[in-house]
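Take a look at the structure below. This report walks through a sheet, a loop residue and the nonpolar cores.

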Amino acid sequence: MAYYRINGGKPLEGQVTISGAKNAALAIIPAAILAGQPCVLENLPLIEDVQVLARILRTMGAEVELNDNGCMRIDPTKINNFDVTFDMVSKLRASYYLLGAMLGRYGHTALLLPGGCHIGNRPIDFHIKGMRALGATVEIKNGIVYAKADELHGAEIYLDMASVGATINIMLAACRADGMTVIANAAKEPHVVDVANFLNMMGASIKGAGTDVIRIRGRKELHGCNYAIIPDQIEAGTFMIAAVATKGNVVINNIIPTHLEAISAKLMECGAHITEGDDGSEFYLQVQGGDRLRAVNIKTLPYPGFPTDLQQPIMALLTMSKGNSYIVENIFEDRFNHVPELIRMGASINVNGRTAIIEGVDRLYGASVQATDLRAGAALVIAALSAEGTSIIRNIHFIDRGYENIEQKLRALGADIERVEED
Ligand code: UD1
């Protein structure tokens with residue numbers, strides 16, 4: 001098992017380039033199953049979840065080649081294993097996209113219930129409701145989802161919550177359904193739009209992605225294409241917060257500024273300086289932390305609100321702000337597992353239901369802590385980079401799932417971070 005040793009207190013300085021978006025990649029890889037020809041994906045992040053998904057597709061019979069530049073060629077035409085119930089599937093949440101992709105392409109599948117970070121109950125009832133509305137029979141027995149449809153047909157589907165996963169899963173199946181599907185109260189996250197753009201490149205007809213209502217006209221066939229994934233909003237936000245927390249000065253390259261507006265707004269409210277630039281070929285943000293930052297209140301909300309995936313990282317910053325900050329977690333009911341670890345480092349935080357009250361302290365101190373999930377891991381890295389003294393962060397396999405080369409990127413910005421391999 002590996003761990004991080006971090007000597008804190010060094011401002012991050014320099015430039016960092018953001019990788020492709022994890023949550024777009026994890027949907028677009030299964031979406032490639034819908035094509036009758038190979039697809040080539042570029043700008044994929046080289047993270048553990050992408051590697052696991054590639055192994056799952058290979059076990060299903062697809063040909064998948066992934067090179068060191070984040071370029072993946074997927075030939076789905078040889079898929080011959082529709083029984084997706086092997087253990088690997090439960091390693092990640094995004095394996096739920098195989099439900100929509102397999103139903104759309106082959107009309108049946110058996111899928112082990114997905115895994116992923118433990119940040120709440122995380123049911124998939126909206127996904128199942130969507131598949132049933134499209135004409136599939138879906139049953140869950142012994143932790144396996146059995147889905148079958150002689151023919152999928154378009155339907156009007158209202159989502160009780162704007163679920164990212166359910167919106168994308170329904171889009172995948174609906175692309176190959178007969179007729180028009182309308183998803184109301186659809187999720188608007190940037191990766192929903194990216195998946196829709198990819199499917200449209202394959203010949204699908206999807207309109208309205210990025211708004212509350214998405215309309216999908218089903219097609220009999222989809223073809224292969226080349227597609228480059230958007231930059232990762234959450235990785236960019238993590239580096240922005242780390243820059244501010246360490247009182248650093250970092251240029252964040254390969255970003256889409258509009259995806260980062262909620263984060264920039266909150267960091268500026270804290271007192272950080274953020275300027276947007278365009279070097280002629282891509283946008284960048286220059287992020288500078290100041291002296292002691294002000295407390296702010298945050299409510300996590302669906303896009304374009306403040307993303308739940310950055311709630312944990314920004315809490316690490318707010319532990320060192322001046323005054324009391326309130327964070328309300330509206331998306332997941334149990335996303336405060338990082339709090340006891342931040343308290344070990346000297347933070348003062350009280351949790352009451354979905355609200356965390358953070359009383360800013362002068363400084364955090366290095367400690368031995370454990371990541372409990374992916375973004376909790378990112379929060380602890382930020383806390384350790386800003387703390388006085390040395391921290392040890394264990395369970396970093398969670399961080400490997402979602403951040404490409406995080407220690408190399410941080411070292412290039414001047415951080416004193418070392419990955420130590422243990423027996
Ligand atoms: C995705 C992201 C995750 C991010 C989250 C919210 C992936 C692989 N993961 O997760 O990083 O934190 O979006 O932006 O892309 N819900 C139900 N029933 C369902 C589906 C969802 O009740 O069938 C609830 C969830 O419990 C949660 C809310 O809806 O309270 C939003 O969840 P959702 O947007 O679906 O998140 P995920 O797709 O799991």
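## A bridge between two strands

Met180 has a bridge partner in strand 13: Arg217. This is a predicted model. Strand 11 covers residues 180-184, and strand 13 covers residues 214-217. The two strands pair in the antiparallel sense, over four bridges. Strands of a sheet pair through backbone hydrogen bonds, either parallel or antiparallel.

## The sheet around them

## Nonpolar cores

In soluble globular proteins, nonpolar side chains tend to be buried together. Here the largest nonpolar core has 85 residues. Ile56, Met60, Met171, Phe198 and Leu199 have the most contacts inside it. Apart from this core lies another, of 69 residues, among them Ala242, Leu318, Met320 and Leu342.

Which residues does Ile56 touch, not counting those up to four places away in sequence? They are Val84, Phe86, Met88, Val89, Leu92 and Leu98.

## A residue in a loop

Asp362 lies in the loop between strand 21 (355-359) and strand 22 (368-370). Is Asp362 buried or exposed? Asp362 counts as exposed because its relative accessibility is 59%, and exposed means over 50%. From C-alpha to C-alpha, Asp362 and Ile234 are 27 Å apart in space. In sequence, they are 128 residues apart.

Key
Residues numbered from 1 in each chain as written. Predicted model: local features only at pLDDT ≥ 70, side-chain atom pairs only at ≥ 80, totals over all residues. Heavy atoms only, no water. Pairing = 2+ DSSP bridges. Buried < 20%, exposed > 50% of the residue type's maximum accessible area, 1.4 Å probe, protein only. Core = buried A, V, L, I, M, F, W, Y, C linked by side-chain atoms within 4.5 Å. Contact = heavy atoms within 4.5 Å.
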